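Morning, everyone. I have one structure to walk through today.

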Amino acid sequence: MEEMSKDFLARMQAAAAHGPTLEEVKANPTPHGKLVSCSYYASSQGMMYNSNSLLNISAALLDGVQKITCTDKPAYQSTTLTVYLPKQDVLAAVQALAERENLAAWSALEYHNPFQCTDYSSSASISLTFDDRSVGGSGSTYIHISIDAACQHGGGDVVQEFRNILETAMLDAEVLSRQVTEASTFGLGLLTAADLQAAAAGSFPNTIHPGAWKCPKCGCASNTGKFCTECGHPKEPEASCG
């Protein structure tokens, strides 16, 4: 077992040699304005019925008020979407972390998986959206960071700190709304600020991952692989989302 662990780590470290290092990207800071939204996203999809899982925690500034939405879908269980009103300034805490670690530059990190698997897929990411008009940029600058790449390059502790900020804020936050739904109601796409606003207003959107296809057998519309994540039906040439 110990030899297998060493081989696994060696192969992962060898794969991480591709692309810029964490030290290199952190050495090239880019100024950003105020953080207006952020999210932590992780999902996995397998071939067994209802085996897909999803955790998406998003914080956004909406009409001057910060809100957190958490979509939690454990494997073989229902989906829970909860909207919170946090007591602390979550976005300020995340922005302080982003500035300390030059987190926006981490989008340049590349992930290389030496262990390919064709019947299972997973995705994990951090997103940051800045209002960069104060530094001569766009009012909505979107940054996407691969968590797999960040961890492969040695930034796992910062990823955990990012997640802890969001989860800690939910502990004593006011619950504005909560809805529990059966499997397949929610897709596996990222919740945007618009999605959060709709959820806070009582409208729970069916967010679809880009490129998803609808299963002709069970109707699941969040599939992105070769097989339906709910019933295992293979993708058909004409199958498409909608």
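Among contacts between residues at least 6 apart in sequence, what percentage join residues at least 24 apart? In this chain the figure is 62%. Keep in mind that this is a predicted model.

Now the layout. The chain has six helices and seven strands. Along the sequence, the pattern reads α-α-β-β-β-β-α-β-β-α-α-β-α. There are 242 residues, and 43% of them are buried. The accessible surface is about 12300 Å². Carbon and sulfur atoms account for 53% of that surface.

Next, the inside. The largest nonpolar core holds 38 residues. Within this core, Cys-38, Trp-106, Leu-128 and Phe-162 have the most contacts. Helix α5 gives the most to the core, with seven residues.

Take Trp-106. Set aside its neighbours within four places in sequence, and Trp-106 touches Leu-22, Val-25, Lys-26, Glu-101, Ile-145, Ala-150, Gly-155 and Val-158.

Helix α3 covers residues 90-101, and helix α5 covers residues 156-171. They pack at an angle of about 170°, with their axes 10 Å apart. Angles over 145 degrees count as roughly antiparallel, so α3 and α5 are roughly antiparallel to each other.

Which residues make the contact? From α3, they are Val-90, Ala-93, Val-94, Leu-97, Arg-100 and Glu-101. From α5, they are Val-158, Glu-161, Phe-162, Ile-165, Leu-166 and Ala-169. By class, that gives nine nonpolar, three charged and no polar residues.

Two names come back here. Phe-162 was among the residues with the most contacts in the core. Val-158 was one of the contacts of Trp-106.

Notes:
Residues are numbered from 1 along each chain as its sequence is written. This is a predicted model: local features need pLDDT of at least 70, side-chain atom pairs count only at pLDDT 80 or more; totals for chains, interfaces and linings use all residues. Side-chain values use heavy atoms; hydrogens and water are left out. Axes are lines fitted to C-alpha atoms, for helices over the stretch in contact, and angles run from 0 to 180 degrees between N-to-C directions. Helices (H or I, at least four residues) and strands (E, at least two) are DSSP runs, numbered from the N terminus. Angles under 35 degrees count as roughly parallel, over 145 as roughly antiparallel, 65 to 115 as roughly perpendicular and the rest as oblique. Contact means heavy atoms within 4.5 Å. Ala, Val, Leu, Ile, Met, Phe, Trp, Tyr, Cys and Pro count as nonpolar, Asp, Glu, Lys and Arg as charged, and the others, Gly among them, as polar. A nonpolar core is a set of buried Ala, Val, Leu, Ile, Met, Phe, Trp, Tyr and Cys residues joined through side-chain atoms within 4.5 Å. Buried means under 20% relative accessible area, exposed over 50%, partly exposed in between (1.4 Å probe, protein chains only). Accessible areas come from the Shrake-Rupley method with a 1.4 Å probe; for residues, only the protein chains shown count as cover.
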